[in-house]
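I opened this notebook to record what I looked up in the structure. The entries follow the order in which I consulted the model.

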Amino acid sequence: MQTAITILLDGLVFSSYLFIVSVGLTVIFGVMKILNVTHGSFYAWGAYAAAFLIGVAFDAGWPDWLGFVAIFAAAIAVGLVLGLILERGILRFMYHRDEVLIVLATFGTFLVLEDVILLVFGVDPYFAYQPMMLLGASEIGGVSRDNYSLSLIALALVVALVCWLGLVKTRWGKILRAVIFDREMAESMGINVTMVYIVTFVIGAMLGALGGAYISPTVSVAPGFGIDVIVLSFAVVVIGGMGSIPGAIIGALAVGLSRALAVHEAPQLELFVIYAVMAVVLVFRPEGLFAPAKPRKI
Amino acid sequence: MNHVKWLIGGLAASAMALAASAGVAQDKTVKMSVVSFLSGPGAGPFGVPGRNGAELIIAAINAGQLPAPYDKPGLAGAMIDVEYVDESGGNTKVVAEYRNMVQKRGADVVVGYVSSGSCAALAPVIDELKKLTVLAVCGTPRIFEESDRTHVFRTMGHATGDNVAAAHYVKEKFPDVKKYVGINQNYAWGQDSWRDFDLGMKALVEGATPSDKVQWPKLFQGQYGTEISALLLDDAQLIHSSFWDGDLESFIFQGTTRGIFQKKKVLMTVAGTAAYRLGKRMPEGIILGARGPYGVLVRDNDSPLNSWFVQAYFDRYGTYPSGPPYQYAQAILGLKAAYDKAGEAAGGFPTQDQVIAAFKGSTFESLAGTVKMALGNGHQAITENGYGITKYDADKGEVTVTDVKFYPAECVLPPAGTDSVSWIEGGMKGAKCN
C-alpha cells in the first residue's frame, strides 16, 4: 500500500510537470499548426529568468513569498517578450510556407536562443532553491515529500481548468475554436486571425516559460536546460494527440504514471517505458488518443 | 697550433649549434587544443573550471613561473599556443571536431575531455589520426582495457580506483553497512562506476548485498523526485552515486528537502565538484570523493606546487579549485614532463614519437601527489584515491572534509595486464594497501 501511494503521488507529480511543459506546445499546434521547437527555449528562458529574479529578491532581503511572484512574473515576461518577437519577427512571414520549413525555422531559432542564453546568463548554473525550501516537506505514505513538488499538481489543475474555461466558456474560446476548425472560413466571417495567432503564440510561450520557471527552484538551471524537455513534450502531445488539451492531460498521465511504476518496480526500464507507451499508442492510433482522424486533402 | 685552431673551431661550431637549437625551441610553438564543456550542463561544474585550470597552468608554463620541477619555460622550451574547444554536442560532433582540430587546424597535441562517452568514441579515432592526445578527466576503464592504444594517454586514474577506494572507505568507516543501493546516470560512466563499487563491496565487505532497486536515470535528466522516493522506500543503508554536472547539484537540492541525506548514508564519488559551488547548501555527512587527490580533499596539502596552484587559482578566478582544474592541470604537467624529458634526450625539440616514448610508463609529480603511467601499456595513470565526510565550516565560510583517508594507487587499481572486473572479482590479488 505504501509503495502504491508513493507510485501514485510520484506519477501525479511527474505528470503535472509534463502537462505544464507540454500544454503550450499543444495549444500552439492546435491553433497555428506549427510544431514549435522553440518551446524548449521558452522553457529554458523561463527557468533562467525566474532563477535570476528569485536570486535578486533573496539577495535584497525581500520576503520569501516574493519568490513565487518572481516565478509567475518571469513566465509572463518571457512569454510576452519572446512570443511577440518570434511571432512578429519570424513566424508571420512563414505561415504560407511548407510546415517542414516552419519546423526548421523554429529549430534554428531554438539554437540561436540557446546561445543567447550563454551570452546573457553565462555558463555557471543558477540556484534558486528558496521557494522549495520555504514550503518544506510532508510525510505522506511513510515517505518524505517536498511540498513544492506537490504544488505542481495544484498548478497543473489550475492551468488545465483555465484552459478548459477559456476555450469552452468564453467568447475568445469560440473564436479560437472557429480558427482551429477552419481558418479561412473564420477569416471570411470577420475574425482577426492575425490577432488570434499573436495571442495564441504568446499564451503558448507563457505556458512553456511557466514550466521552466516553476521547475527552476528544484534544479540547477544550466545551459542546455531546454533540450530534453522538447523530446518529453513531443512524446506527451503525440500520445495525447497533437493540438488536444485533454490529450495533453492524458498523455502526461500515461507517461508520468508508467514511468513512476517503472522507477519503483523495474528501474532499468525507466528510459524505455516513456517511448514504449508512445510507440504502442502510435501503432493503434497514429493520430494520438484524442486528435480526431482526418481525411487527407489531395 | 693546428690542434688549437681545430679546438677553437669545434667549440665555436658547437656553440653556434647549441644557440641555433635553443633558438629553434624558443621560436617554436606547440599548438595545443584544450577540449572541455564550454556550454551545456557540464560547463559550470566541470568544463569551465577545467578550462581555467588549463589556462592557469599554461600561462605559468609559458612564463616559467611554476615551482620546481616545472620551472623551465615552455614544453621542451617551446611556447604553448592554445585554443579552447567546446566538448558539448554529442559524440558525433566531438569526433568531427577532433578531426577538424587535427586535420584542418594542425593541432600538435590535444588535451582534455570530460565525458566518458566522448573518450570512448574518440579513442580509436585518435590512434587512426596518430595525434598525441591526453585525456584529462573521463573515467571509464574501457579506454585501455578493451584495446591497446598508441597515441592516447590518460593522466588520472579511472573509475575503478574511485569505486574500489569508496568500498574500502565504507568498510573502514562504516562497518555496519551491508546493504547498498545506487543512483547513477545511464551511460558508460554511471554503469562502470556502479559495477566497480558493487564488485568492490562484495569483495571487501562480508555479507554485502546490493538492492534490486538501483536507479538508472538518463544523463542530464534533472528531475529525481520519483527516484528519491524509491531510494527512501528501499531498506539499503547506503546510496552510491557517481552523479556529476548539474545532475549532481539538482539531486542534492531535491534530496536535501526530502531529508535523504539524514535518512541514508550517501556516497558521491564526484561530489568534490559541488563543494565550493554549493557552499553551506552542501549537506553535511556526505561521503565525498574527488576522483583522486584533487580539490577540496587536498585543499590543505602544503606541497610547493599545490600551494602555488590553490593560491594562484583563487587569485585569478575568485574561488578555490575543485577537481577538474587539478585534472586538466595534471594532464598538461604530464605533457610538460614528457616533452622536457624527450627534449633532453634528443638534444633539441623532440618529435611526437620521442614525446610518446618519454611519456609512456613515466612517473611525474603532480600538484598534490605522484602520477605513475603504470597501466594500459604505460598510457594509463594511477594515483592514490580517497574520501572524506562533508562538514560546513562556518568560521571559514566554506565546505570542508573530515576523516579524509587516501588509499595507495596500487591498492585501488588493478596491476598492469589485468582488467578491472577480473581483478576485483578475483579478490583484488596483488593490491598493496599498506
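**Entry 1. A strand pair in chain B.** I began with B:Met268, which stands opposite B:Leu288 in β10(B). I took helices (H or I, at least four residues) and strands (E, at least two) as DSSP runs, numbered from the N terminus. Strand β9 (residues 265-268) of chain B and strand β10 (residues 287-289) of chain B pair in the parallel sense, over two bridges. I counted two strands as paired if DSSP finds at least two bridges between them.

**Entry 2. Basis of the model.** I noted that this is a predicted model, in which local features need pLDDT of at least 70 and side-chain atom pairs count only at pLDDT 80 or more, while totals for chains, interfaces and linings use all residues. Residues are numbered from 1 along each chain as its sequence is written, and chains are lettered from A and ligands numbered from 1 in the order in which they are written.

**Entry 3. The sheet of chain B.** I then traced the open sheet of seven strands, whose order is β7-β6-β8-β9-β10-β14-β15 (chain B), with mixed pairing. Its edge strands are β7 (209-210) and β15 (398-407) of chain B, each of which pairs on one side only. Strand β14 (residues 385-393) of chain B pairs with β15(B) in the antiparallel sense over eight bridges. In this pair B:Asp393 stands opposite B:Glu398. The hairpin of β14(B) and β15(B) has four residues between the strands, and B:Gly397 there takes a positive phi near 70°.

**Entry 4. Chain A overall.** I found twelve helices and four strands in chain A. Its C-alpha trace spans about 60 × 45 × 35 Å along the principal axes. A compact globule of 298 residues would have a radius of gyration near 19 Å, and chain A agrees with its 19 Å; the radius is taken over C-alpha atoms, and the globule rule is 2.2 Å times the number of residues to the power 0.38. Of the 298 residues of chain A, 51% count as buried. A residue is buried if 20 or more other C-beta atoms, placed from the backbone, lie within 10 Å of its own, exposed if 12 or fewer, and partly exposed in between.

**Entry 5. Helix α1 of chain A.** I read 31 residues in α1(A), with 45 Å from its first C-alpha to its last, close to the 45 Å expected at 1.5 Å a residue. The expected span is 1.5 Å times one less than the number of residues. α1(A) bends by about 35° at A:Ser22, the bend being the angle between axes fitted to the seven residues ending there and the seven starting there. The helix is mostly covered, with 26 of its 31 residues buried. Just after α1(A), A:Lys33 takes a positive phi of about 60°.

**Entry 6. Helix α4 of chain A.** Which residues of α4(A) are buried? I listed A:Ile102, A:Ala105, A:Thr106, A:Thr109, A:Phe110, A:Glu114, A:Ile117 and A:Phe121. An α-helix has 3.6 residues a turn, so residues three or four places apart point the same way. The cover over the buried residues of α4(A) includes α2 (39-59), α3 (66-89) and β1 (126-127) of chain A. Just after α4(A), A:Gly122 takes a positive phi of about 75°.

**Entry 7. The contact of chains A and B.** I recorded 34 residues from chain A and 33 residues from chain B in the contact, where two residues are in contact if their C-beta atoms, placed from the backbone, lie within 7 Å. On the side of chain A that touches chain B, α1(A) gives the most, with six residues.
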